[in-house]
Amino acid sequence: MISELREHRPDPYILQSKPRRFPGRRKAMTIGIGFLCNDGVVLCSDRQITSPSGFKYEEGKIFSSQARDHQLIFSYAGVPDAAKVVFQSVTNSIPAIVSASNILSYIETSKAILAKAYGCKQSKGLQSFIGLRVKGFPPFLLKTYNDTIVEAFAGESIGVGDSSALRYLSRFLIPNDALSVAEAQVLASYLVFVANRYIDGCSGGPDHRTINMDGSLTSGTGGIFPNEKDRFSHCEDQI
């Protein structure tokens with residue numbers, strides 16, 4: 001299974017770049033993985049929330065919104081209530097993005113408009129992914145920290161994704177060319193699986209949500225396929 005992930009397909013229009021790492025936060029005990037693929041955008045996350053009092057519970061960390069002219073997926077690492085406020089601000093910004101987008105600057109236009117949504121106090125300390133497809137344009141992926149918004153590509157992370165274990169796996173598993181959605185879903189789930197085992201504060205899921213090239217949204221929790229944890233462990237044993 002893991003060997004299959006390393007057989008990647010060339011991407012006709014996405015220029016890959018080295019992922020940009022934002023400063024880590026000890027309280028952001030979340031693992032979020034984002035992939036810009038040659039046929040969509042994939043987000044994957046764990047589910048554990050830890051309250052200020054130390055109480056732990058599970059809740060989804062990936063949100064979505066869609067209409068005939070757009071599809072939006074959003075994941076975060078940080079305070080849940082703050083993330084929900086920012087997500088609503090992002091959702092409210094979408095009509096302006098749809099109206100202003102053109103083929104030459106739709107990503108830069110989106111970043112400029114979303115900068116207003118991230119100008120609120122709730123964005124302080126928040127890390128997030130924004131996957132967006134505007135009708136007529138390919139899906140794209142943005143990554144944020146505080147009020148900074150940058151374009152993201154394949155195998156990027158938020159939260160505790162900058163751990164030594166995940167850095168090593170990312171160098172080993174993530175190819176230079178873009179993956180397909182199907183490949184990215186499996187690889188992102190595996191990275192969350194590893195985080196859940198080795199990083200304190202990560203647990204649950206993995207949840208995944210995808211914007212496909214045709215504008216459809218797919219989602220799920222607990223992995224991509226049945227008995228996922230056992231199958232991942234079996235692959236590790238084989239390696």
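G32 stands opposite S45 of strand β2, strands and helices being DSSP runs numbered from the N terminus (strands E, at least two residues; helices H or I, at least four). The structure is a predicted model, in which local features need pLDDT of at least 70 and side-chain atom pairs count only at pLDDT 80 or more, whereas totals for chains, interfaces and linings use all residues. Residues are numbered from 1 along each chain as its sequence is written, and side-chain values use heavy atoms, with hydrogens and water left out.

Strands β1 (residues 31-37) and β2 (residues 40-45) run antiparallel and are joined by six bridges, two strands being taken as paired if DSSP finds at least two bridges between them. Both belong to an open sheet of five strands, ordered β10-β1-β2-β11-β12 with antiparallel pairing. Because β10 (156-159) and β12 (217-221) stand at the edges with a single partner strand each, one side of each is left without a neighbour in the sheet. The twist from one strand to the next averages 15°, where axes are lines fitted to C-alpha atoms (for helices over the stretch in contact) and angles run from 0 to 180 degrees between N-to-C directions.

Helix α5 (residues 181-198) lies across β1, β2, β11 (207-212) and β12, and runs at about 165° to β1. Within strand β11 lies N212, which is buried, with a relative accessible area of 16%; buried denotes under 20% relative accessible area, exposed over 50%, and partly exposed the range in between (1.4 Å probe, protein chains only). When neighbours within four places in sequence are left aside, N212 is in contact (heavy atoms within 4.5 Å) with D39, G40, R133, P139, V181, L217 and T218.

In helix α6 (residues 228-238), E228, F232 and C235 are buried. These residues cover an arc of only 60° around the axis, which puts them on the same side of α6, the arc being that of the directions from the helix axis to the C-beta atoms. The exposed residues K229, D230 and D237 are carried on the face of α6 turned away from its buried side.
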